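Good morning, everyone. Please have a look at the sequence and the structure, and then we'll walk through a few places together.

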Amino acid sequence: MSEPARGSSPWARSPVQRALKRALDVAVSGAVLAVSAPVMAVTAALVRAQMGSPVLFAQQRPGIRGEPFTVYKVRSMRDGDGPDEERLTSLGKFLRASSLDELPQLWNVLRGDMSLVGPRPLLMRYLPRYSAEQARRHEVPPGITGWAQVNGRNALSWDEKFALDVWYVDHWSLALDVEILVRTALKVVVRDGIAREGHATMPEFMGSTA
């Protein structure tokens, strides 16, 4: 497969497909939010009972072009300063394994902060740590799922994950998004690649090793 020319990404030159992607985002996220409302209500009650308030975790994350927005997730950890492994509850592990903690991000998709598919929005403090190549992951909107998530998720190293994110930027199409959504549904069913070996979550990205 030939590589697209730099500075001429599919995202930049495909306004019609971008419009169709946005229409798909709105239709699917709105439908899933409506259908999953009872599940989210039960989940919120369980989180409130086990971990207290707030039920939702809100944090600034970088969106397209690195511009910040507030992302929402169902809380999966107790408050405190201990390591993630100690603060992650049994309920939190289940929410992450089933991806139920990601459901509130559908609101971010409806708002236009995110897309259903794209590189995952990480931490604001990572922005100056990216290499110029890795930073290209911000040329498209962030997503709830992405090419890296269906090719290893948190079982990947940071360098592997960012390489997959940039591949997605260079090869984006609506057909690829549909493929990723289908593969994501299968990943959720088998609960594959939820965590990096030896870590409850991904270790912090400290900078490129390239």
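Helices α1 and α2 are oblique to each other, because their axes cross at roughly 60 degrees. Oblique is what remains once angles under 35 degrees count as roughly parallel, over 145 as roughly antiparallel and 65 to 115 as roughly perpendicular. The axes are lines fitted to C-alpha atoms, for helices over the stretch in contact, and angles run from 0 to 180 degrees between N-to-C directions. Here the two axes come within 4 Å. Helix α1 covers residues 15–35.

A word on the model. It is predicted, so local features need pLDDT of at least 70 and side-chain atom pairs pLDDT 80 or more, while totals for chains, interfaces and linings use all residues. Numbering starts from 1 along each chain as its sequence is written, and side-chain values use heavy atoms, without hydrogens or water. Helices (H or I, at least four residues) and strands (E, at least two) are DSSP runs, numbered from the N terminus.

Who meets whom? From α1, Leu 33, Ala 34 and Val 35 touch Ala 37, Pro 38 and Met 40 of α2. Contact means heavy atoms within 4.5 Å. The count is six nonpolar, no polar and no charged. Nonpolar means Ala, Val, Leu, Ile, Met, Phe, Trp, Tyr, Cys and Pro; Asp, Glu, Lys and Arg are charged; the others, Gly among them, are polar.

Now α2 again, residues 37–51, with α4, residues 90–98. Their axes come within 10 Å and cross at roughly 150 degrees. They are therefore roughly antiparallel. Thr 43, Leu 46, Val 47, Gln 50 and Met 51 in α2 face Ser 90, Leu 91 and Leu 95 in α4. That contact has five nonpolar residues, three polar and no charged.

Next, the backbone. Which bond joins Ser 53 and Pro 54? A cis peptide bond, with omega about 0 degrees. Pro 54 lies in the loop between α2 and β1. Arg 65 is not a glycine, yet has a positive phi of about 60 degrees. Its loop runs between β1 and β2.

Last, salt bridges: a side-chain nitrogen of Lys or Arg within 4 Å of a carboxyl oxygen of Asp or Glu. The whole structure has 14. One pairs Lys 73 with Glu 102, closest N and O atoms 3.9 Å apart. Lys 73 is in strand β2, Glu 102 in the loop between α4 and α5, 29 residues apart.
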